[in-house]
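Morning, everyone. Let me walk you through a new structure. Please have a look at it first.

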Amino acid sequence: MQGTVDGFSYGAVTPLVAYLMACLGGALGLRCTTRALLVTHSRRPAWLALGAAAIGSGIWTMHFVAMMGFAIKETPIHYDKPITYASLGLAVVMVGIGIFIVGYRGATGTALFTGGTITGLGVASMHYLGMAGVRFHGRFTYSTLTVAASVVIAVVAATAALWAAGRVQGFLWSVGASLVMGLAVSGMHYVGMAALGVHLDGHSHAAGGAPEPSVLAPMLIGPLAFLLLAAVVVVFDPMMIMGRPVRMPVEHKPGVPAAAVPSHLDRRPEHHGSRTR
């Protein structure tokens with residue numbers, strides 16, 4: 001028996017909020033990645049890790065905010081918490097691998113292609129692992145071509161986002177890149193949902209419909225809190241909070257080089273002629 005699926009039980013509210021979550025995570029992640037490419041090697045891993053966690057948390061939050069509007073008319077749905085949280089961990093790890101590749105090899109050529117592919121596959125894997133955590137009286141089926149299209153969208157979006165992190169420096173350009181990334185991630189989600197079919201196991205005696213917000217909301221508290229914390233860290237640069245100088249010594253490193261700025265290390269001591277007796 002085929003089930004009747006409704007992906008917009010709350011109207012435009014869930015898609016809009018989900019899009020905003022994707023934009024927030026993308027904006028924070030891109031900003032962190034950009035800063036990682038402009039600071040010394042010792043500080044780079046921290047910024048890259050923060051960027052990976054921000055993007056992973058953002059797309060995961062986007063997915064499950066959108067899933068608040070997902071309903072199967074004939075049966076109630078529930079979520080397997082271990083699998084649901086595993087999808088968050090998978091997203092952060094795979095996005096982190098892609099970001100670290102670009103952070104240390106540069107946002108060009110093979111490194112950009114490899115990092116973007118891994119990051120995009122992480123986004124898609126998070127989506128489908130999260131769907132594997134949905135429990136109801138039946139099973140999901142997928143259209144292979146539509147699933148492939150969703151994966152391609154995720155890879156292209158991730159590659160473009162990492163390219164923007166290495167190339168886009170202005171604030172308005174960063175906002176624009178984040179809006180495009182949010183649109184791409186949301187588009188990947190709904191294309192993936194369009195590939196979905198529901199096959200029910202007999203008849204369920206319980207009423208169907210979208211899960212109550214109280215079912216998913218507790219799982220979203222942690223990632224949302226992290227995104228807010230990451231926003232504070234990005235807005236208030238830790239180097240400035242600790243009172244350290246903003247100007248960093250110039251060093252030769254892969255990736256997008258920092259602007260050459262004078263520093264105290266550039267001042268070479270003057271050599272006076274040796275005294276002759």
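A word of caution: this is a predicted model. Let's start with Tyr-10. Its relative accessibility is 37%, so Tyr-10 counts as partly exposed. Find Tyr-10 in the loop between β1 (5-6) and α1 (13-36). Together with Val-13 and Val-17, Tyr-10 makes a nonpolar patch on the surface. The accessible area of that patch is about 250 Å².

Next, two helices. Look at α3, residues 81-105, and α4, residues 109-132. How far apart are their axes? The answer is 8 Å, with a packing angle of about 175°. Angles over 145 degrees count as roughly antiparallel, so that is how α3 and α4 run. Their contact has 17 nonpolar, 8 polar and 1 charged residues.

Now the salt bridges. How many does the structure hold? There are 2.

One pairs Arg-135 with Asp-80, with the closest N and O atoms 3.6 Å apart. Arg-135 sits in strand β4, and Asp-80 in the loop between β3 and α3, 55 residues apart. Arg-135 has 36% relative accessibility, so it is partly exposed. Asp-80 is partly exposed too, at 21%.

Then there is Arg-139 with Asp-201, whose closest N and O atoms are 3.9 Å apart. Arg-139 is in strand β5 and Asp-201 in the loop between β6 and α7, so this pair ties together parts 62 residues apart in sequence. Arg-139 is partly exposed, at 46%.

Last stop: Ala-217, in helix α7. Ala-217 and Met-68 are 149 residues apart in sequence. In space, C-alpha to C-alpha, they are 8.9 Å apart. Ala-217 is partly exposed, at 30%.

How values were computed: Residues numbered from 1 in each chain as written. Predicted model: local features only at pLDDT ≥ 70, side-chain atom pairs only at ≥ 80, totals over all residues. Heavy atoms only, no water. Axes fitted to C-alpha atoms, helices over the stretch in contact; angles between N-to-C directions. Helix = DSSP H or I, 4+ residues; strand = E, 2+ residues; numbered from the N terminus. Parallel < 35°, antiparallel > 145°, perpendicular 65-115°, else oblique. Nonpolar A, V, L, I, M, F, W, Y, C, P; charged D, E, K, R; others polar. Patch = residues over 30% accessible without salt bridge, like charges linked within 9 Å, V, L, I, M, F, W, Y side chains within 5 Å. Areas by Shrake-Rupley, 256 points an atom, 1.4 Å probe, with all protein chains shown as cover. Salt bridge = Lys/Arg side-chain N within 4 Å of Asp/Glu carboxyl O. Buried < 20%, exposed > 50% of the residue type's maximum accessible area, 1.4 Å probe, protein only.
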